[in-house]
Number of protein chains: 2
Amino acid sequence: MHFDKQKIQSAERIFRLNLINAITGIKPANLIGTISQNGQTNLAVFSSVMHLGSNPALLGFILRPQKDARRHTYENILETQYYTINHIHQKFVEQAHYTSAKFEKEESEFAQCKLTEEYLFHFKAPFVKESSLKIGLSLQQTIPIELNDTIIVIGQVEHIVATDKIVSKNGYIDLEGSETVGISGLNTYYTFQKRYEFPYARTSELPYF
Amino acid sequence: MHFDKQKIQSAERIFRLNLINAITGIKPANLIGTISQNGQTNLAVFSSVMHLGSNPALLGFILRPQKDARRHTYENILETQYYTINHIHQKFVEQAHYTSAKFEKEESEFAQCKLTEEYLFHFKAPFVKESSLKIGLSLQQTIPIELNDTIIVIGQVEHIVATDKIVSKNGYIDLEGSETVGISGLNTYYTFQKRYEFPYARTSELPYF
């Protein structure tokens, strides 16, 4: 199967959306929790959360400001400067998916999708109580990508809250035991099996392939 | 378990690296293939490839220019303007991992790690023959993130090459059947099981949670 640029551009819109959203491989499944200055909460599923650096601990995610659901997240982050990123697990994957429906700003996806707001350490933004790994972040920078009107939102990790068994003593996270899920394309969810763990790669210690 | 910013910053370095590299959830596993103007090829594993948009089809990835292995990738992309992104599958995951060792610029990771250069459609950069889903991209923009000296590299999709059975007629990609892998942290690899497929979420069609 071969698609060149012209064939991609002339493909049927939904086919192209599905294909291009899937070609990077598996994507992480996270819920971003926010609150407006007048106390209205919002929760939205994102598959674009990425690691940017460990020291300082910086995470990014991509948003399209023109889409309704995403706009509430962005407006709240700009208002309060804080947000949370929460892993999605099997037990609430359907509820998490439906946070992508276009609810009105005065409707909280927490209530609509039966997920629970949790406030910890006097942190401004709501965590998702049902999640086994939750991160509180403070906004550091927004970078517009003019090529297609998206925005990269960068935050610093202020808090990490995890159930004990999910984090090993060397800092590894058990994505299989925690039943964390990942996203392919726009609406397919996968679970994981841990298969390989390799050492830090050194040219002096290459295996015999 | 709770880590606040101070506890993260004062944590032992390797623990922090492992933890912060893993907290975003699963990451896609891809090999980026490049060639220098004088014909020296390079191949490097990346877990930061992300979807930026479908029309035009844009993908991004993050790199740290100061790291040796990553620098060769970046130098080659700047020289030729072209690169490939190739899914990593179970059958060659160990070879793919070892492309992260710090080989000299005149040593190609293709040869060192026993993976095969493939040249298709007169595209400048080498694809990975062993991969079931390969993407050829043209450089569009590099965006420096000054907060921590990383760079976002953005490319437009010029070619998608896939084995027939991996792409469905609606554009979905079968990450389980293709034995594509994902990365947690720096060196743990997971395989996937497809578990859920939900419709486009509409507020008028909420399930009963």
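**View 1. Pairing of strands 10 and 11 in chain B of the predicted model.** Twelve bridges link strand 10 (residues 133–145) of chain B to strand 11 of chain B in the antiparallel sense. Strands are DSSP runs of E with at least two residues, numbered from the N terminus, and two strands pair if DSSP finds at least two bridges between them. B:I145 has B:T150 as its bridge partner in strand 11 of chain B. The two strands form a hairpin with four residues between them, and B:D149 in the turn has a positive phi of about 65°.

This is a predicted model, in which local features need pLDDT of at least 70, side-chain atom pairs count only at pLDDT 80 or more, and totals for chains, interfaces and linings use all residues. Residues are numbered from 1 along each chain as its sequence is written, while chains are lettered from A and ligands numbered from 1 in the order in which they are written.

**View 2. Further partners and burial of strand 11 of chain B.** Of the 13 residues in strand 11 (residues 150–162) of chain B, eleven are buried (20 or more other C-beta atoms within 10 Å of the residue's own, with C-beta atoms placed from the backbone). Strand 6 (residues 57–63) of chain B pairs antiparallel with strand 11 over six bridges, and B:L63 stands opposite B:I151. From chain A, strand 1 (residues 2–4) is joined antiparallel to strand 11 of chain B by three bridges; A:F3 is the bridge partner of B:I160.

**View 3. An open sheet with strands from chains A and B.** Six strands with antiparallel pairing follow the order 2(A)-12(A)-13(A)-13(B)-12(B)-2(B). Strand 2 (27–28) of chain A and strand 2 (27–28) of chain B stand at the edges, each with a single partner strand, so one side of each is left without a neighbour in the sheet. Within chain A, three bridges connect strand 12 (residues 182–184) to strand 13 (residues 188–197), where A:T188 is the bridge partner of A:S184.

Note on methods: Buried ≥ 20, exposed ≤ 12 C-beta atoms within 10 Å, placed from the backbone.
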